[in-house]
Amino acid sequence: MPAALRVPAGQVVYLEALASGVQIYECSQKSDSTYEWAFKAPEASLSTRSGQPIGKHYAGPTWESTDGSKVVAEINAKDPGPSPSAIPWLLLTAKTNSGSGVFSAAKIIQRVATTGGVAPKESCGAANLHQVTRVPYTATYYFYR
């Protein structure tokens with residue numbers, strides 16, 4: 001694990017969730033009048049290694065379990081990970097937890113083992129301003145309490 005993504009002492013992993021979905025980007029104009037593919041949100045299903053559904057992951061960033069519990073987090077650290085063709089690995093800290101299920105105890109979340117999900121390589125400019133693109137990705141999320 002990269003040093004920047006190590007969890008604080010005393011935190012214990014209690015859940016591994018495999019994500020499969022998309023990273024959503026929109027062609028946007030920046031304040032300096034240039035254009036970029038701006039990240040909007042993730043949209044993924046979460047499951048166990050055996051394929052059992054756990055829940056979903058979406059904007060916030062939010063993880064919502066099939067039991068109704070949720071955790072909304074914020075990014076603490078990034079690491080590019082081993083592949084330039086994959087989104088970065090992340091260390092996140094819970095901002096809010098709700099419900100009494102599996103995500104109610106989450107304090108720290110790691111996103112690792114990513115594939116895909118990077119901003120589109122196609123050009124972004126006036127001709128396709130506001131175009132939305134959904135880029136497939138997978139990742140492993142570890143939840144700590």
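A: Start in the loop between β1 (13-29) and β2 (35-47), where Ser33 lies. This is a predicted model. Ser33 is not a glycine, yet its phi is positive, about 70°. Most residues other than glycine have a negative phi, and most peptide bonds are trans. Ser33 has 47% relative accessibility, so it counts as partly exposed; the exposed class begins over 50%.

Now go to the loop between β7 (108-116) and β8 (132-144), which holds His130. His130 also is a residue other than glycine with a positive phi, near 75°. Its relative accessibility is 54%, so His130 counts as exposed.

The next loop has another kind of feature. Between β3 (53-58) and β4 (62-65) sits Pro61. The peptide bond from Gly60 to Pro61 is cis, with omega about -10°.

Now the whole. The protein has eight strands and zero helices. Its pattern along the sequence is β-β-β-β-β-β-β-β. The radius of gyration is 16 Å, close to the 15 Å from the globule rule for 145 residues, so the protein is as compact as a globular protein of that length. The C-alpha trace spans about 50 × 30 × 30 Å along its principal axes.

Buried residues are 41% of the 145. The protein exposes about 7,500 Å², with 54% of it from carbon and sulfur atoms.

Terms used:
Residues are numbered from 1 along each chain as its sequence is written. This is a predicted model: local features need pLDDT of at least 70, side-chain atom pairs count only at pLDDT 80 or more; totals for chains, interfaces and linings use all residues. Side-chain values use heavy atoms; hydrogens and water are left out. Helices (H or I, at least four residues) and strands (E, at least two) are DSSP runs, numbered from the N terminus. The radius of gyration is taken over C-alpha atoms; the globule rule is 2.2 Å times the number of residues to the power 0.38. Buried means under 20% relative accessible area, exposed over 50%, partly exposed in between (1.4 Å probe, protein chains only). Accessible areas come from the Shrake-Rupley method with a 1.4 Å probe; for residues, only the protein chains shown count as cover.
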